[in-house]
Amino acid sequence: MLRYLLFFLCVTSLFGFNFEIVNPDVANGKTALIRFEKQKGVIFKDIRVGKKNFPIFENPLKKGEYCALVAFSYYDKPATKELYAEYEENGQKKETLLFLHLHAGAYKKETIQVDPSKVNPKAPAVKKRIAREYAQAMQIYNHVSSKNYLREPFILPIESSITSEFGKARVYNGSLRGYHSGTDFRAKVGTPIKAANDGRVVLAQKRFYSGGTVVLDHGKGIYTCYFHMSKFDVKKDALVKRGDILGLSGESGRVTGPHLHFSARINGVQVDPLQLITLMNNNILKGNNL
Ligand SMILES: [Zn+2]
């Protein structure tokens, strides 16, 4: 901790802006938040981590404060991560190196029995469909909209109990297949599902694994996803407000029973949706902070 503090003090006195890493010790599958104070002559650009760039954007609720969400994949290994804050100062391109610590999240394992045809699909037509849907989804998630739709704190898409948390290692019919990529909420078929925040519908479609799927673009590379739905009340490209009904929950796709699978992406990286929402609501979407 002292190391970060010293570095923080050092950097803030040397460079043209003040910043704060809100959560400098973060687990795989989680999001880090960095806040920057606007300084005269400084134009913030991106945070670069490895080959990925995360935009630095103005807090929609606080003029003059900038922030960046830096997402770490579930598969990222514990390490000291180097983050380059890219900016322009008086017309010159510059960057500042920031550090944060990535540790291994305490994720559990769970065993699931599903229809074998949904675990190892063999039919060429099904394999083709899965590949096509994956490519389409990644194209959506990797697009960073310059517009920011967020104006208020996030809400949950349903008020219900959580039946499976993000990050559990999953053993389908005896073989380990990745991890749980979202948060599951108990929902009997036909329960109204709400938009977690303002955004644009970029996908409303039936898909092989996720069943009836709605994806919302909140801008700046932030997406939320709603899986296994039985009915859509929105169409692609529609603008929605926080709390609008997107459709009804269901049990479509690869499921063991009816529920809502709620997930989030930051610049294509799948992250814990509840940690993201809490982080944003507590630090940037409440209007008056710092
Ligand atoms: Zn799920």
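How many bridges join β10 to strand β12? Four bridges join these two strands, which run parallel. The model is predicted, and its chain is assigned two domains, domain 1 (2-105) and domain 2 (109-279).

**Domain arrangement**
- The C-alpha centres of domain 1 and domain 2 are 28 Å apart.
- Contact between the domains involves 15 residues of domain 1 and 19 residues of domain 2.
- On the side of domain 1 that touches domain 2, two or more residues each come from β3 (31-37), β5 (52-55) and β7 (65-71).
- Strand β5 supplies the largest share of that side, three residues.
- By class, the side of domain 1 that touches domain 2 comprises eight nonpolar, five polar and two charged residues.

**The sheet β10-β12-β13**
- Three strands form an open sheet in the order β10-β12-β13, and their pairing is mixed.
- Because β10 (109-112) and β13 (175-179) each have a single partner strand, they stand at the edges, and one side of each is left without a neighbour in the sheet.
- From one strand to the next, the twist averages 30°.
- Within the parallel pairing of β10 with β12 (residues 169-172), I112 has Y172 of β12 as its bridge partner.
- In general, strands of a sheet pair through backbone hydrogen bonds, either parallel or antiparallel.

**Helix α4**
- Helix α4 spans residues 273-283, and its buried residues include P273, Q275, L276, I277, L279 and M280.

Methods. Residues numbered from 1 in each chain as written. Predicted model: local features only at pLDDT ≥ 70, side-chain atom pairs only at ≥ 80, totals over all residues. Domains from an automatic or database assignment. Contact = placed C-beta atoms within 7 Å. Nonpolar A, V, L, I, M, F, W, Y, C, P; charged D, E, K, R; others polar. Buried ≥ 20, exposed ≤ 12 C-beta atoms within 10 Å, placed from the backbone. Pairing = 2+ DSSP bridges. Axes fitted to C-alpha atoms, helices over the stretch in contact; angles between N-to-C directions.
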